[in-house]
Structures are given as C-alpha cells and as structure tokens.
Amino acid sequence: MPRPQDDRIVHEPPLFSAFKPTGASGKNLEQILLTLDEFEAFRLADFIGLSHAEAADEMEISRSTFTRLIEKARRKIADFIIQGKLLTIEGGSIHFRNNIIRCLSCGHMFKTNISCYITECPACHSSDLINMAGGFGHGKCCHSKQ
Ligand SMILES: [Zn+2]
Ligand SMILES: [Zn+2]
C-alpha cells in the first residue's frame, strides 16, 4: 500500500498550464504531465532561488520530499525542451495559498487570498472573470486547509 501523500502548499496557481514546441501539432506530441507540486518545487528552487530547506518550508513538506519533487520536475522539464513534447501542468496533492483572477473584459490580473471570493473586477467592474485556482479544480478545499 502506498502511503497517502500529505498535501503540499502551492503559493499561487501557475499562469500557463500547457506548453508545446513552436510549429509542432499538439495531436502528435507525446504528453508530459508536470504536477502542481513539481511545478512549485521548480519555481521555488530554480526561479526564485530558494535553498531546498527554505523551499521545503514554503511547501510545508520535508526536505527529502522536496528533493524528490525537484528532481522529478527537472527531469520532466529537460525532457520537454530536449525532446519537444507537450507539457501540461495539472494534478498533484496540493492546495493553493493564494489565487489569481483574470478579467476577460479588460485583461486586468490580480492576486487574492484563496479565501476571498471576488465577483467583480476592481479595474472595470466586469463580472466576466477567470478564477485560476478554480481552473485547477481548487478553491474551497484550499482554505479549509488553512
Ligand atoms: Zn476588468
Ligand atoms: Zn485546494
């Protein structure tokens, strides 16, 4: 029996969730799934530049779990760039700390705490909003964990 995974904390949803090489047709490409916890490990260590210990604290996981995640993330991202596959970010045993909302009317993008429910754009008052955490199937589940 595999041990149940503890939920990992992801600071906020990624802005983009699918990537493919220019000129390639998505249909014929092999797919790589990067989970949200692998994405977050990669973001914290290689984009922000945190040490593994600091990044593990951010995600509320052990250092050894973090090391496994970052190694998997790097292998998948290398595979994506070198072999030219389709990379999709989804899944993983995670909850978000913050959310990102994008307004479809004016393009304004803003960050909120995951527990805030925003129904109108602060810039143009449109209610035509995209909830990025919601797009990954998260929302209520995240703030019940905090
Ligand atoms: Zn707006
Ligand atoms: Zn959640």
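Colleague: Which residue in β8 stands opposite Arg102?

Modeller: As a general point, strands of a sheet pair through backbone hydrogen bonds, either parallel or antiparallel. Arg102 has Ile130 of β8 standing opposite, and strand β6 (residues 98–103) is joined to β8 by three bridges, the two running antiparallel. Pairing here requires that DSSP find at least two bridges between two strands, while strands (E, at least two residues) and helices (H or I, at least four) are DSSP runs numbered from the N terminus. Please keep in mind that this is a predicted model, in which local features need pLDDT of at least 70 and side-chain atom pairs count only at pLDDT 80 or more, whereas totals for chains, interfaces and linings use all residues. Residues are numbered from 1 along each chain as its sequence is written, and chains are lettered from A and ligands numbered from 1 in the order in which they are written.

Colleague: How many bridges join β6 to β7, and in which sense do they run?

Modeller: Five bridges link β6 and β7, again in the antiparallel sense, and one of the pairs to look for is Asn99 with its bridge partner Thr112 in β7. The two strands form a hairpin with five residues between them, and Gly107 in that turn has a positive phi of about 80°.

Colleague: What is the strand order of the open sheet with antiparallel pairing?

Modeller: The order is β7-β6-β8, an open sheet of three strands with antiparallel pairing. β7 (109–113) and β8 (129–131) each have a single partner strand and stand at the edges, so one side of each is left without a neighbour in the sheet. Neighbouring strands of this sheet are turned against each other by 30° on average, direction ignored; axes are lines fitted to C-alpha atoms, for helices over the stretch in contact, and angles run from 0 to 180 degrees between N-to-C directions.

Colleague: And what is the order in the sheet with mixed pairing?

Modeller: That open sheet, also of three strands, has the order β2-β4-β3. β2 (18–19) and β3 (31–34) are at the edges with a single partner strand each, so one side of each lacks a neighbour in the sheet. β2 pairs with strand β4 (residues 86–89) over two bridges in the antiparallel sense, and Phe19 has Leu87 in β4 as its bridge partner. Helix α3 (residues 63–83) packs on this sheet, touching β2, β3 and β4, and its direction makes about 150° with that of β3; contact between two residues means that their C-beta atoms, placed from the backbone, lie within 7 Å.

Colleague: At what angle do α1 and α3 pack, and how far apart are their axes?

Modeller: Helix α1 (residues 36–48) packs with α3 at about 95°, the axes being 8 Å apart. This makes α1 roughly perpendicular to α3, where angles of 65 to 115 degrees count as roughly perpendicular, under 35 as roughly parallel, over 145 as roughly antiparallel and the rest as oblique. Among the residues that meet are Phe39 and Phe42 in α1, and Phe66, Leu69 and Ile70 in α3. By class, nine residues of the contact are nonpolar, none polar and five charged; Ala, Val, Leu, Ile, Met, Phe, Trp, Tyr, Cys and Pro count as nonpolar, Asp, Glu, Lys and Arg as charged, and the others, Gly among them, as polar.

Colleague: Where do the axes of α2 and α3 stand relative to each other?

Modeller: They come within 9 Å and cross at roughly 100°, which makes α2 roughly perpendicular to α3. His52, Ala53, Ala55, Ala56 and Met59 of α2 make this contact with Arg63, Phe66 and Thr67 of α3. As for α1 and helix α2 (residues 52–59), they pack at about 140° with axes 9 Å apart, and therefore α1 is oblique to α2.

Colleague: Which domains does the domain assignment of the chain give?

Modeller: Bounds of this kind come from an automatic or database domain assignment, which gives domain 1 (8–94) and domain 2 (97–143). Their centres, taken over C-alpha atoms, are separated by 22 Å, and the contact takes seven residues from domain 1 and eight from domain 2. On the side of domain 1 that touches domain 2, the residues divide into four nonpolar, one polar and two charged.
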